[in-house]
Amino acid sequence: MSAENLVVVESPAKAKTINKYLGADFDVVASYGHVRDLPPKDGSVQPDEDFAMRWDVDAQSKKRIDDVAQRLKGAKRLYLATDPDREGEAISWHIQEELARRKALNGVEVSRVVFNEITKNAVLDAMAKPRTLNDELIEAYLARRALDYLVGFTLSPVLWRKLPGAKSAGRVQSVALRLICEREAEIEAFRAQEYWSIDAQMENAEGRPFPARLTHLDGRKLDKFALGNEAAATRAVEAVRAAAFRVAKVERKQTKRNPAPPFTTSTLQQEASRKLYFGATKTMTLAQKLYEGVDIGGETVGLITYMRTDSTVLSNDALTAARNLISDDYGPDYLPAGPRQYRTKAKNAQEAHEAVRPTDLFRRPDQVRRYIDGDMLKLYELIWKRTLASQMESAVLDNVAVDLSDAGASVTLRATGSVVRFDGFLTLYREDVDDPSDESDEGRMLPPLAEGEDARLKEATPNQHFTQPPPRYSEASLVKKMEELGIGRPSTYASILKVLQDREYVRLEKRRFEPEDRGRLVTAFLTSFFERYFSYDFTAALEEKLDDVSDGRVDWKQVLRDFWTAFSKICEETLELSPIEVRETIDRELGPHFFEADETGGTEAARRCPACADGRLSLNFGKFGAFIACSNYPNCKYTRDLNAPANDPDGNGAIEGEFPRDLGFDPETGEPITLRKGPYGVYVQRGEAEKGKKPKRSSLLKGMEPASVDLQTALRLLALPRDLGEHPETGQKIQAGLGRYGPYLKHGDRFLSLPAEDDVLTIGINRAVAVIAEAGEKGKPRAGKELGPHPSDGKPIALGSGRFGPYVKHGKIYASLPRGTEPDAVTLEQAIALIDAKAAKKGAGKKAAAKKTPAKKSAAKKGKAKKAPAQKSGAQKSGAQKSGAQKSGTKKAGAKKAAARKAG
């Protein structure tokens, strides 16, 4: 029997915890996140229909929503208790919409409940205060989802056509990629500058040592580069050694250092990265578990509040608990006069939730140690300390600065020190920094010094320095920068960083992001041709508009209209650009990266072709991506991979490897994937040959370099042929595959060679339909166009096109159209007549056909003009031969022809 009250949450862990709080009158079920999404194909968002959105329920989600609908039978009330943010509101809306579409809500009262922590009191309090769905939050979600979809599905095909090798672009991820690439460009353009400093070891009148540094020489203050070489430093050391120093001035200043505010999503990710070396994804996964609930002594309870937030606010209950705990554990000196109130400094901040904090501060880390694993405990302890420290008294520091000068003030040294007078919050928590250069000289103590007191020089030492380039972004510093610029939202940072790595646009080296060449090419393309849409200011301004939608100040569809009108136009204009325009633009942009600059900053010397000596090297694009090529092509065929050394005379840039080479394991079957070399070329294979079982194999695509083939590429090759979808007019399946004559498209029974500019591994349904349409323009019908049923059996008659021209088809009977007949003009009656005539002829000629010998095929005409060879990179040269599969097929075909001639 169904319960009267059904509660829907996202996760089964959350459902299990809440079910214990609510009792037998409530049934709690998990939706496992979103139950609907936009299908990943064109047409899911329709700008011409006022941005109508078409939602799809996949197979897994259908099981979840079926379960919800089944449990809803007999219930009187439905509580949508998904997370308390915009995404949670959207999940609740999707559930309600899908249940309403199924007419499963008749007579059911639907309510929305939200709670910021999974504790019994919080959940029961929320259930007592139900509300309706928030239309503004839902509209903000719809606007964001539509924008992300329109950018991705409109811009990515432009990238694929104009920038071979590019995988995708995203509204926010591409701006984050730009940050990483521009930082790398700064590092490459950086030229170190030499400078010197003079450090002195001094003693006071009592003989106690202390350090000092030269600040004035010849009565003038020294800036950073005043001592620019060793000669200047040597002169300065001599002046210091010749001077007699006395304390000229003593400055004492007491300063307070205030604690950092409680964690938001971004600051939690930053500190977990700095202190615990956790990536953003790991941090959020652990935080999710702490939020959803842990079994503590037989009671399941959430240990922290909701972890996706940009608020630094603490509830009154949390403030009271913190102050009581500080007073109990640390004493009254560590308790400020009143609670500290914080406001976030980030752009686009929404103060909708609390900060990330423990649900019960009196649940100390030591008390939960035996209930949670090491990494969860580390994160909980970090959150607990930060929250408690945020409400503690400020630290008090005594800062001292002492100037030591000679009699004429020609030479001045400065000694500084800082002493913690009262540690305050520092007794519990100290915030880390991204780079050591950000740290102060805290902790350096000076001996007692009084004005007029003599100070003796023990030693003066010159120190050579060089300016350093800006550091690459760590996960922490990149999240911090994105938050400062107002790019993205707290809940998206982890997924953005993951997508950039999954797309192989960036890599993490020593916990710092370095852009791959592929990422730099994409960034150069977007900043050259879509500068406005991937600028920091535009992205932040769009985020502000989306926040205005959630606050009910702006119409969400107007935001979409304003964006789409101009964006769609520039996409169309970019598609019209010639390959030369794109290539030259990106070559100018990335020239300093691929060609080493000389002292003047020019790259012409590095662009000289090492093969022909008078050619100029520049960036070029092939089917499988970018490479370096000579301007004297085809006379000079020098090319090199982007990652090949500049002085590589052959331009191969590839290292001969041993075969077979292990690439990894198939994630579905567990079988090994290997790269192998046979007598006819290199291929990939899944599994091993066994008796009665032939392993799946695939030749490499023409131009593929074996050294570049990784597990993902191999799996994609072995997955061919792959289904692209159904033709929008015929409803027939379209496939992309690799055959003996190269890549092809299959539409119904019709095979088409894939144009050279398309990639069989990445072509999508929209491009495939366009290729099929283009092939049908030259007097050919669109493959599989149905004319109507045959009166004899009701089965369809369809138009098609084969190697001998257009035809009509019914079952297994094919009838060619008479010469000169326009395929699109053929009527159903004409087709029936042709089919019936062919069937009658076929039946009457069966006996005679059995005795006939096959006619010899005419020889192919010789003397055809050869096409000029396409320019290939070093990586592409190795794949130019026929694959093993192709040559083997050719040999077999030849053997069959010879046997037929002998029999004849």
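Two residues are in contact when heavy atoms of theirs lie within 4.5 Å. Keep that in mind for the contacts below. The model is predicted.

Start with Asn 116. It sits in the loop between β6 (109-112) and α4 (120-127). Is Asn 116 buried or exposed? Its relative accessible area is 17%. Buried means under 20%, so Asn 116 is buried. Leaving out residues up to four places away in sequence, Asn 116 touches Pro 84, Tyr 291, Thr 305, Tyr 306, His 353 and Glu 354.

Ser 390 also lies in a loop, between α12 (374-389) and β13. Its relative accessibility is 0%, so Ser 390 counts as buried. Which residues are in contact with Ser 390, leaving aside neighbours within four places in sequence? They are Pro 259, Ala 260, Pro 261, Pro 262, Leu 314, Arg 340 and Tyr 342.

Gln 201 is placed in a strand, β7 (residues 194-203). With a relative accessible area of 40%, Gln 201 is partly exposed. Gln 201 and Lys 458 are 257 residues apart along the chain, yet their C-alpha atoms are separated by 5.4 Å. Lys 458 is also one of the residues that Gln 201 touches.

## Strands around β13

Now follow the strands. β10 (residues 245-257) pairs with β15 (residues 454-466) in the antiparallel sense, over two bridges. Here Phe 245 stands opposite Ala 455 of β15. β10 also pairs with β13 (residues 395-405), again antiparallel, over 11 bridges. Val 247 has Leu 404 of β13 as its bridge partner. Arg 257 is bridged to Ala 395, also in β13.

β13 has another partner, β14 (residues 411-422). This pairing is antiparallel and has 10 bridges. In it, Val 400 has Gly 417 of β14 as its bridge partner. The hairpin of β13 and β14 has five residues between the strands. Ala 409 in this hairpin takes a positive phi near 55 degrees.

How many of the 11 residues of β13 are buried? The count is nine, so β13 is largely enclosed by the rest of the structure.

| Strands | Sense | Bridges |
|---|---|---|
| β10 and β15 | antiparallel | two bridges |
| β10 and β13 | antiparallel | 11 bridges |
| β13 and β14 | antiparallel | 10 bridges |
| β18 and β19 | antiparallel | six bridges |

## An open sheet with a helix across it

Three strands form an open sheet, in the order β18-β19-β20, with antiparallel pairing. Which strands are at the edges? They are β18 (617-622) and β20 (639-640), and each pairs on one side only. β18 pairs with β19 (residues 625-630) over six bridges. Leu 619 stands opposite Ile 628 in β19.

Helix α18 (residues 579-594) lies across β18, β19 and β20. Its direction is at about 125 degrees to β18.

## Two packed helices

Helix α16 (residues 536-550) packs with helix α17 (residues 556-575). Their axes are 9 Å apart, at an angle of about 160 degrees. Angles over 145 degrees count as roughly antiparallel, so α16 and α17 are roughly antiparallel to each other. On the α16 side, the contact is made by Phe 538, Leu 542, Lys 545 and Val 549. On the α17 side, Trp 556, Val 559 and Phe 563 take part. By class, this contact has six nonpolar, no polar and one charged residues.

## Nonpolar cores

In soluble globular proteins, nonpolar side chains tend to be buried together. The largest nonpolar core in this model has 155 residues. Which of them touch the most other members? They are Phe 525, Phe 530 and Ile 586. Helix α5 (residues 135-162) gives the most to this core, with 13 residues.

Take a look at Phe 525. Residues up to four places away in sequence aside, Phe 525 touches Val 158, Leu 159, Lys 162, Leu 163, Phe 530, Thr 574, Val 582 and Ile 586.

Another core lies apart from the largest one. This core has 28 residues, among them Leu 675, Leu 701, Val 760 and Val 771.

Definitions and conventions. Residues numbered from 1 in each chain as written. Predicted model: local features only at pLDDT ≥ 70, side-chain atom pairs only at ≥ 80, totals over all residues. Heavy atoms only, no water. Pairing = 2+ DSSP bridges. Helix = DSSP H or I, 4+ residues; strand = E, 2+ residues; numbered from the N terminus. Axes fitted to C-alpha atoms, helices over the stretch in contact; angles between N-to-C directions. Buried < 20%, exposed > 50% of the residue type's maximum accessible area, 1.4 Å probe, protein only. Parallel < 35°, antiparallel > 145°, perpendicular 65-115°, else oblique. Nonpolar A, V, L, I, M, F, W, Y, C, P; charged D, E, K, R; others polar. Core = buried A, V, L, I, M, F, W, Y, C linked by side-chain atoms within 4.5 Å.
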